[in-house]
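Let's take a friendly walk through this structure together. Have the sequence to hand as you turn the view.

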Amino acid sequence: MAELPVPELPPTLSRCSGRFTISTLLGMEEGGRGPYAPAEGAGCDGTHLSGSTLCTRTFGYNTVDVVPAYEHYANSNGVGDGRRGRPSLADLHSILKPDTGHLRPPLSEPQRSNGVPEAGPEEAPEEPGRAPTPEPVRFGWVKGVMIRCMLNIWGVILYLRLPWITAQAGIALTWLIILMSVTVTTITGLSISAISTNGKVKSGGTYFLISRSLGPELGGSIGLIFAFANAVAVAMHTVGFAETVRDLLQEHNSLIVDPTNDIRIIGVVTVTVLLGISLAGMEWEAKAQILFFLVILVSFINYLVGTVIPATAEKQAKGFFSYRAEIFAQNFVPNWRGPEGSFFSLFSIFFPSATGILAGANISGDLKDPAVAIPKGTLMAIFWTTVSYLVLSATIGACVVRDASGSLNDSVVVGSPGCEGLACGFGWNFTACAQHQSCRYGLSNYYQSMSMVSGFGPLITAGIFGATLSSALACLVSAPKVFQCLCKDQLYPLIGFFGKGYGRNSEPIRGYMLTYVIAVGFILIAELNAIAPIISNFFLCSYALINFSCFHASITNSPGWRPSFRYYSKWAALFGAAVSVVIMFLLTWWAALIAFGIVIFLLGYVLYKKPDVNWGSSMQASSYNMALNYSVGLSEVEEHIKNYRPQCLVLTGPPSFRPALVDFVGTFTKNLSLMLCGNVLIGPQKQKMLESRLTADGHIKWLMKRKIKAFYTDVVAEDLRSGVQMLIQAAGLGKMRPNILALGYKRNWRTVSPQSLEDYVGILQYGHAASSTPGDAGGGPMTECGDTVATCAASGQAGSATQHELATVKCLLLPSSDAFDFKYGVCLMRMKEGLNVSRVMQAHVNPTFEAAEHPEGNGTGGRAAPGTADPAALAGEQQASTIFQNEQGKKTIDIYWLFDDGGLTLLIPYLLGRKKRWAKCKIRVFVGGQINRMDEERKAIVSLLSKFRLDFHEVHILPDINQKPQPEHIRRFEDLIAPFRLNDGFKDEATVNEMRQGCPWKISDEEVNKNRAKSLRQVRLNEILLDYSRDAALIAITLPIGRKGRCPSSLYMAWLETLSQDLRPPVILTRGNQENVLTFYCQ
């Protein structure tokens, strides 16, 4: 850091030597208060730091630079986003002056011991005079994540289906099923841990994690269906609870109405009570979850105690004999029964009981430290629930036989004849019911085996109640939380109403009510067997995308992917994503297809709407990686004529000023090749660099709004010629470089400054040979000539320079063509009504490129007043309609292929004709020829075109192309060049050069005479164009080329003017770089 000078300060400021303000060239007032000045009265003596002063911000070192601080990075979005408290580069480079004006202390925040502000940067400051806002309830990893996930993982399958699965698959395969399921959930848990520790996690849970990782497209679709799935899951768990209560009522003959309506009544009452708990606040909801957790723990302990209590005769009749090695050995192997007796069928039944690991992440906004709580709580929940499943399957498989009659009369003496089965050794004969498959009890037949084994059966029923109600409550909280974050992002219409939060925890009350309505609707159906598989598939979709998010973020090698949780693997995450998709189809293939269909539909909607969000997703990083890899790989590929593509550098200036030129090039390059809009900003570098930064984004958004697939770039230069040379040399990347220079025709060439005319023609073709220096040719520093012209242009009088000013021109360009020297083709466009449609200049316009289509109506020379470049105005500017946006109908595209330039004159109209708006146009080709060889020449051209496979409709030979033009047209041409003639009387070359000193645009009599044939050809071609192509949709003609050093710029422009004047259709003058762009070979 550079040390600052310390000037003498007034006595009132003697206590601190570091009070300065910044005076920059960006318009800050001298003596104004800078944002980095210290608080008044703060001391700074180099040894003692006190107060929030400049000295404390820079460890006692007098400088504007500040030390690293939390607030400089909080809520940062884009690259280069200026943060509060950090000086900009302009501030660091600016002139420092003592400030004796008003002083105000810098913004300060309550600090923790580690320097991190206590309150998040997104929280608004409290208004003075108001009571402080109460702190929101925040949970740690145990109460907020682990217990919540364990409750959501545990469910009725733990109590009612796991013993039956153990009987079917045996203990060994049941453990395999459990471990396979847990493998998927563990991998997903590791992925969640990695994503949640890669930056600050806010509310929104699963939706927030996926959307901020993969982007709004996939995140939005998953967020919507995940919230809906949680809402319907509330109904599912509530109906499970209601069915259990209904069964108890049936056992005691106490039904309310009938079995179906009892489910509806109990379900609606239950979900209403759960809604009340949720509306009471997260603290009450957490207390209810802890109560349910304790009930489940008690029921589980009750079961384990029951396994060691000696079995009574009633329990033995139902197949329970306490721990026996024989029973364990028999139940260790599978015994498949019934239509569901297969490994994957049982796996599909058990897997939903392993889900629920997202319950903690779904309330990420209510956690004290989500980056710590989500990984720790989720993985611990997976571990303990896995242990519980393994212990339950092993213990019940060692205590209960598969078949039992439940009849006390089936007891026999050990070793009785005719008794088959393991129970015979324990004094029970279940042979009859086992052979007839009519046993009512045993692991294979009795779902309530846990209740039968337990020490006190009603506690198992209480555990079932706790498992169902806790899962319902967790889903009832998760759905509104996820949906609220989705609503705030405004990815979908008509849902923003539900995003409003209330209270200190920003509770989504409206979301709770919507979830309640959805849950009640499905409870009233009272039949969820059809919708349940779809919900399971929705959850699996979330798992697959979470794993894919982790893999994708890792594989892109983005520097922003820096999770503090290191125990994950990108390949394991990819495996977890693939397995989740496979399990979706194993569960229910048709439900998987429905889930994918809904995701794709919602994904397509977001892709179509293109929401204006930027979350730094891994998709953005992947796009960069792909572009980089393909670009580098393309550099290794040798070019071939078959793969030639017209890649255009379009000199548009501000693109919105010349929409016709943008539309024309954008039409034939769309989805085909590169288009780069170039703008040369002429003027002081500091001023124009600021203008460039302000307007670049606006121009890009204008192109996007117009659906033009193009890049935009600008350069700051002292003059147009050097700026274009910069663009031509530097534009593009590798093989993705322009090979065609496209620009508009200069209509005001007769009235602009001579230097401007020389620059324009020099870009197109070779300029005139005259005295100059090599430095001038390269667009180097302006000499006396350049200063005169620049002064004239800056004063708004570029079009009316006096004869004296023109005579002072001393610097002349060497004969060179920027486009052709760099092997560019040239495409010049002229429209009768002009190209520039701007009425109010909002940004700098190059005076050479039609700065004023009508000079009499624009006296500024195209230079806008400082500060008028508004990016928002540029982006929102009304889109001007052009001919290239309209259907052309059954018109013609006329190609005048007069000279062989490699085929570019043919290729561009052909590509244009492939587009929908131009598809009905008939393409006609005109070539020059002799009247006595018309048939032969026509056949030769038709044969050549057929080999090119261009499929043009008509070929015409022009035998009269060399006829003498009409006298009045010749006189019009002579009148056109008369103001630019030297009238030297055919003097020798030395005398002519002396007369033309400082006036290189002047045309000598010798040059008029030598170029007479070419001049008359342009006049005659204009007559032909008016005869044949007056009503065409587009005219494409070969651009004429002047001899190096023998064609002054004014004469060349007179050719172009004569050739294209009075034509109603757009005229495209094209000249390739004389290298083939068409071939009829296949290799």
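**Paired strands and cysteines**

Start with strand 4 (residues 675-682) and strand 5, which run parallel and are joined by seven bridges. Keep in mind as you look that this is a predicted model. For a landmark within the pair, find Val 680, which stands opposite Val 715 in strand 5. To get from strand 4 to strand 5, the chain passes through helix 23 (residues 685-705), and this β-α-β crossover is right-handed.

How well covered is strand 5? Strand 5 spans residues 711-717 and is mostly covered, with five of its seven residues buried. As background, side chains in a regular strand alternate between the two faces of the sheet.

Now turn to the cysteines. Cys 677 has a relative accessible area of 0%, so Cys 677 is buried, as that value is under 20%.

Which cysteines form a disulfide? The partners are Cys 433 and Cys 439, whose sulfur atoms lie 1.9 Å apart. The structure holds one disulfide, and the link of Cys 433 and Cys 439 is right-handed, with 80° about the S-S bond. Both ends fall under the 20% cut-off for burial: Cys 433 has a relative accessible area of 10%, while Cys 439 comes in at 8%.

Compare that with Cys 648, which is in no disulfide.

How values were computed
Residues are numbered from 1 along each chain as its sequence is written. This is a predicted model: local features need pLDDT of at least 70, side-chain atom pairs count only at pLDDT 80 or more; totals for chains, interfaces and linings use all residues. Side-chain values use heavy atoms; hydrogens and water are left out. A disulfide is a pair of cysteine sulfur atoms within 2.5 Å. Buried means under 20% relative accessible area, exposed over 50%, partly exposed in between (1.4 Å probe, protein chains only). Helices (H or I, at least four residues) and strands (E, at least two) are DSSP runs, numbered from the N terminus. Two strands pair if DSSP finds at least two bridges between them. A crossover is right-handed if, with the strands pointing away from the viewer, the path from the first strand over the helix to the second runs clockwise.
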